[in-house]
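The following exercises concern the model displayed below. Each task is followed by a solution in steps.

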Amino acid sequence: MAQPLYTGQVRTVGESMARSTTEAQAFKIFMDEPVELGGLNGAPSPLDFILAAHAGCLNYMTFFIARELGIPVTGTDITVQGALNPAKFAGTRLDVRAGYQSLTATIHVRGGATPEQLARLLAEVETRCPVSDNLAHATPIHLSMKAA
């Protein structure tokens, strides 16, 4: 198996059921939940960060691939929306997914690209975006829990 070129790692410290602080490289990310889920609504929720990570990766890949293909892109405006049924994580229904049921992303591209160029760019972004890949395909997750 080939050695990965990038290994990501974060560390999160939980301050309460709903609030946590994550260290990612030299940055701190704060997460919270809405009041109705036991939080103070003081920061985006972990689910919001999934949407943000997807939008950020789509933005990067749009610019990166457009430059590679010689397609004019001067800016993007990306909306990512997800719908979920909270019944599973609430423990009231175990027959539904705990996470998003689906995601819809719309990338508005500025720069004068033709419809043909946009179609080619979209096809490349769809197949090459790492966050899209992680969200669309099962990624093995190995959880463990230890006493501190």
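**Exercise 1.** Determine what share of the contacts in the chain between residues at least 6 apart in sequence joins residues at least 24 apart.

*Solution.* The structure is a predicted model. First, take as a contact any pair with heavy atoms within 4.5 Å. Next, keep the contacts between residues at least 6 apart in sequence; of these, 45% join residues at least 24 apart.

**Exercise 2.** State how many helices and strands the chain has, and give their order along the sequence.

*Solution.* The count of elements gives 3 helices and 5 strands. Placed in sequence order, they form the pattern β-β-β-α-β-β-α-α.

**Exercise 3.** Describe how strands β2 and β3 are joined, and characterise the hairpin they form.

*Solution.* Begin with the strands: β2 covers residues 20–24 and β3 covers residues 27–31. The two run antiparallel and are joined by 5 bridges.

**Exercise 4.** Characterise the extent, burial, surface and charge of the chain.

*Solution.* For extent, the C-alpha trace spans about 55 × 35 × 30 Å along its principal axes. For burial, the criterion is under 20% relative accessible area; 22% of the 148 residues are buried. For the surface, the accessible area is about 10900 Å², with carbon and sulfur atoms contributing 58%. For charge, there are 11 positive and 13 negative side chains. The centres of these two sets are 6 Å apart.

Methods. Residues are numbered from 1 along each chain as its sequence is written. This is a predicted model: local features need pLDDT of at least 70, side-chain atom pairs count only at pLDDT 80 or more; totals for chains, interfaces and linings use all residues. Side-chain values use heavy atoms; hydrogens and water are left out. Two strands pair if DSSP finds at least two bridges between them. Helices (H or I, at least four residues) and strands (E, at least two) are DSSP runs, numbered from the N terminus. Buried means under 20% relative accessible area, exposed over 50%, partly exposed in between (1.4 Å probe, protein chains only). Accessible areas come from the Shrake-Rupley method with a 1.4 Å probe; for residues, only the protein chains shown count as cover. Lys and Arg count as positive and Asp and Glu as negative; His and the chain ends are not counted. The place of a charge is taken as NZ of Lys, CZ of Arg, CG of Asp or CD of Glu.
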